[in-house]
Amino acid sequence: FAAFVLWGSQYVVSKVALRTIPPVTLLALRYLVSIPALLLVLRLRRALKPVDRRDWPILFAIGFTGYFASFCLQMLGIDRLTGSLSSLLGAMNPIFIPILAALFLHERITLSKIACVALLGVVVIVGVGGTADAAGVLMMLVSVFLWSTASIIIRRISGRYDPMQIALIAICSALPLTGAWSLIELQSAACSFSVQSVLAVLYMGIFGTAVTHSLWNYSLRVMDASFCSMFYPMQPLVSAILGVLFLHETVTPSFILGALMICGGIVAAVKSAPK
């Protein structure tokens, strides 16, 4: 619950930082803040442990799939969409995670066909006339699928290491690629810093990354991935409220209808699952 409240707020904070910082560069800065924060807490808790060499490929896969590919696309999508819409699309994880968990983790979950209503909800939000940026929507959906895949990989290894250590290693493995993309991005995009953008980067690095991903990885360790994913509706709810309050975003009737359809599909999926 706490992870998704913080995640939901991050979509709105990202919009503030994106006013002056390009998207992939913002992600790289966010990682530069979160790495020392994670390392400090791990050392204070004495939770760092040696990594089995057989687990390094798994940790690198988490870093590449989730923390590099997924989050780069996510930041590019957020840059094109409103905070509320990007957060709502980000909440599509409950559609992908249970399916992937059933295929690769053998978790028992029965998804009813009503889950398709959730996908239809995206169409309602985007609108028949294409009122939302189609490229931004596509980026967000691919990002969601890649993060769902990374979550399944995390579930396979989460019992062996502290959740913070998994997040730290994954972020460190993603940082070189993210930094390289950022350098290319800065060749054609302007970047400047304000008090608001600096505070936004600090918030995203500490609370939006170090804290939330530790909470998420811990949740995956103690609960089924499919069950954890059912908390995603909290994310767009928080984003919509904060977007209206701080970004003066408007919540249209099609957004509300699409949100209800997505949440309805998720609730139906939960009810169809074994107790």
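In the predicted model, R54 is exposed, with a relative accessibility of 66%. The side chain of R54 pairs with that of D52 in a salt bridge, with an N to O distance of 2.9 Å. D52, in turn, is partly exposed at 29% relative accessibility.

This pair belongs to a set of three salt bridges found in a search of the whole structure. Another joins R160 to D55, with N and O 2.4 Å apart. The two partners lie 105 residues apart and connect distant parts of the chain: R160 is located in the loop between α7 and α8, and D55 in the loop between α2 and α3 (56–80). D55 has a relative accessible area of 5% and is therefore buried, whereas R160 is partly exposed at 40%.

A salt bridge is also formed by D162 and R45, whose closest N and O atoms are separated by 2.6 Å. D162 counts as buried because its relative accessibility is 11%, under the 20% limit; R45, at 45%, is partly exposed.

At the level of the fold, the protein contains twelve helices and zero strands. Among contacts with a separation of 6 or more, 92% involve residues 24 or more positions apart. Of the 275 residues, 54% count as buried. The accessible surface amounts to about 12,500 Å², and carbon and sulfur atoms contribute 71% of this area.

Methods. Residues are numbered from 1 along each chain as its sequence is written. This is a predicted model: local features need pLDDT of at least 70, side-chain atom pairs count only at pLDDT 80 or more; totals for chains, interfaces and linings use all residues. Side-chain values use heavy atoms; hydrogens and water are left out. Helices (H or I, at least four residues) and strands (E, at least two) are DSSP runs, numbered from the N terminus. Buried means under 20% relative accessible area, exposed over 50%, partly exposed in between (1.4 Å probe, protein chains only). Contact means heavy atoms within 4.5 Å. Accessible areas come from the Shrake-Rupley method with a 1.4 Å probe; for residues, only the protein chains shown count as cover. A salt bridge is a side-chain nitrogen of Lys or Arg within 4 Å of a carboxyl oxygen of Asp or Glu.
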